Amino acid sequence: MWKSATRSLATAALVSAPKLQDVVIIGGGPAGLSLLAALKNSHKTKHLKCTLVEGSNLDPIRDFGMDPPENYTNRVVSLTPKSVEFMQEKIGSWDFINLDRIKFYDGIRAYDGQDNSSRISFDGTTTGSGVLAAMSENINIQSSLISKIEQLNDEIIDEEEDQPAIILDNTKVIDIEDPLNAQHTHSHSDLNEIDPSAGDEALDWPIIKLDNGEALQARLLVGADGYNSPVRKFARIESRGWQYDRWGVVGTIKMQFEDYRALGWQRFLSTGPLAILPLTDDNATFVWSSTPELAELLLKVDEVIFPHLLTAAMTLEEVDLQYIYKTLQNNPNDRSVLEDISWRLSKKDISDLEENYPLPVTELVPGSRARFPLKLSHADTYMAPRIALVGDAAHTIHPLAGQGLNMGQSDVGHLVQALEKGVDRGMDIGSTLVLENYVADAWPSNHMILGACDKLHKIFAVQWTPFVYLRGFGIKTLNSLGYVKDLMVQTISGK
Ligand SMILES: Cc1cc2nc3c(=O)[nH]c(=O)nc-3n(C[C@H](O)[C@H](O)[C@H](O)COP(=O)(O)OP(=O)(O)OC[C@H]3O[C@@H](n4cnc5c(N)ncnc54)[C@H](O)[C@@H]3O)c2cc1C
């Protein structure tokens, strides 16, 4: 009787004891998957036991690789040459990207909504390749990363030496515990039952509780878990910033025909910047930063009117736009605005339109409109003992310069570099000594980019006429200073 009770207690200890891992990554977005793939693709870190936990179902992302939808999905990002190079050379996932759905583009034309003649252009000549950036769907990036991880797993011959990467999707992290402070701390002997090599050191590893009843314990816990990061909250890392009281309305559109110029266009309206960025063939995507009221309207406007509204917003005076918005506020299906827009456009100089504006938008892909709240946030640090943050868990940025995902890629690059250095020196990869290198490399440049984008948003939100003149003068002057523009392109493209 006593003997069987002892055995069942021992079994209970085994079942409830968390599984020890070197690295647990929470979040299967672009940042989390990039980190897992990069760690497994590095000969210095591939031996680490790594598990990624993602709350949502990743099957649609896996399926994208085999069977992509006909139309572009609406979450699209502009990748800098540095991010592309990182995926090509460090992660090796670019081999799995669906290149038919990637659009490399050569430059950006940006102009002031208050004064269309205040213009600035950025070109890819500075990056050395002639390419300024590459447009990609988020799902294409994530799918290529999963394929790379699967390939690396398939290549493993000795599972003792090279640990396969584990992805637990459809699995939510419901709690994170500090075992030193937790009420039900697992005893040392419990941990040794799972992995005798862990010894005393595992006692301070965070315990990650999953909604399937299982638990993991991590030498290093990485929060790649987005803006509301549970890991950041667990680590009590302060994140500062503000809501912009703006929404980013996005969607997929068709242009009149494929534009040989391969350019991105951005117009700084007083309600926020509107960007039209090229995809392959006649496809394009737009990001329209708008006030909450305008964003609501943009989602409601009739699908036949919407493409013409976009063309108008890239071209007409703001007073014209205010009039059109007002008509649509009264009735978002009022097709009389089509005639009105076309009449106002007919007053424009055709050669100016052809040269200095994007092609007319002809179609909105049905159901592709969506909106996202825009905010700035920056964590005070990206580390705590046994904790690191990457991607949106560490920072969120206004999309006007298309930097969010790129900053996440840069974080991953710096973190992997710090971990490789730690492994080389035989250090504990969860120790602050190792993680400090990561923060020192990643935080300052992110802070600079966050500050620059925030200032751009604020400068262009001002409508006060004397300031608008001053701004116009500043833009024109900057546009004539080739070396300053080159420096800006180099900073933003990471080249
Ligand atoms: C309108 C708009 C346009 C943008 N354009 C660009 C652009 O052109 N270029 C660019 O570089 N960036 C752009 N961005 C930013 C970019 O989309 C984000 O920075 C990027 O997708 C963030 O990736 P991430 O992996 O860090 O976070 P996320 O994609 O948010 O992933 C976090 C993951 O964590 C998971 N998770 C969270 N909590 C838990 C939990 N408790 N348990 C399990 N899983 C959990 C979530 O399910 C999610 O999958 C844009 C953003 C917006 C809103």
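Is aspartate 281 buried, partly exposed or exposed, and what is its relative accessible area? Aspartate 281 is partly exposed, with a relative accessible area of 49%; here buried means under 20% relative accessible area, exposed means over 50%, and partly exposed lies in between (1.4 Å probe, protein chains only). The structure is a predicted model, in which local features need pLDDT of at least 70 and side-chain atom pairs count only at pLDDT 80 or more, while totals for chains, interfaces and linings use all residues. Residues are numbered from 1 along each chain as its sequence is written, and side-chain values use heavy atoms, with hydrogens and water left out.

The protein chain holds 16 helices and 20 strands; helices (H or I, at least four residues) and strands (E, at least two) are DSSP runs, numbered from the N terminus. Of the 495 residues in the protein chain, 54% are buried. Contacts, meaning heavy atoms within 4.5 Å, can also be sorted by sequence separation. Among those in the protein chain with a separation of 6 or more, 78% involve residues 24 or more positions apart.

Helix H5 spans residues 138–154, and its 17 residues reach 25 Å from the first C-alpha to the last, close to the 24 Å expected at 1.5 Å a residue. The expected span is 1.5 Å times one less than the number of residues in the helix. H5 is mostly covered, as 12 of its 17 residues are buried, including Ile139, Leu145, Lys148 and Leu152.

Two packed helices are described by the angle between their axes and the distance between the axes. For helix H10 (residues 318–330) and helix H11 (residues 336–346), the axes come within 11 Å and cross at roughly 175 degrees. Axes are lines fitted to C-alpha atoms, for helices over the stretch in contact, and angles run from 0 to 180 degrees between N-to-C directions. H10 and H11 are therefore roughly antiparallel to each other, a term for angles over 145 degrees. On the H10 side the contact is made by Asp320, Tyr323, Ile324, Thr327 and Leu328, and on the H11 side by Val337, Asp340, Ile341 and Arg344. These residues divide into five nonpolar, one polar and three charged. In this grouping Ala, Val, Leu, Ile, Met, Phe, Trp, Tyr, Cys and Pro count as nonpolar, Asp, Glu, Lys and Arg as charged, and the others, Gly among them, as polar.

Several aspartates are worth a look. Most residues other than glycine have a negative phi. Aspartate 281, in the loop between strand E14 (272–278) and strand E15 (283–290), has a positive phi of about 55 degrees although it is not a glycine. Aspartate 245 also has a positive phi, near 55 degrees; this residue is found in strand E12 (residues 239–255) and is exposed, with a relative accessible area of 52%. Aspartate 112, in strand E5 (residues 107–112), is buried at 0%. A polar atom of the aspartate 112 side chain lies 3.0 Å from the backbone nitrogen of glutamine 114.

Strand E17 (residues 370–379) contains serine 377, which is buried at 4% relative accessibility. A polar contact of 2.7 Å joins the side chains of serine 377 and threonine 396; such a contact is a pair of N or O atoms within 3.5 Å, where within protein one must be able to donate a hydrogen and the other to accept it, and residues adjacent in sequence count only if both atoms are side-chain atoms. Arginine 371 is also found in strand E17, and is partly exposed at 32%. Arginine 371 and glutamate 296 are 75 residues apart in sequence and 8.7 Å apart in space, C-alpha to C-alpha.

Conventions. Angles under 35 degrees count as roughly parallel, over 145 as roughly antiparallel, 65 to 115 as roughly perpendicular and the rest as oblique.
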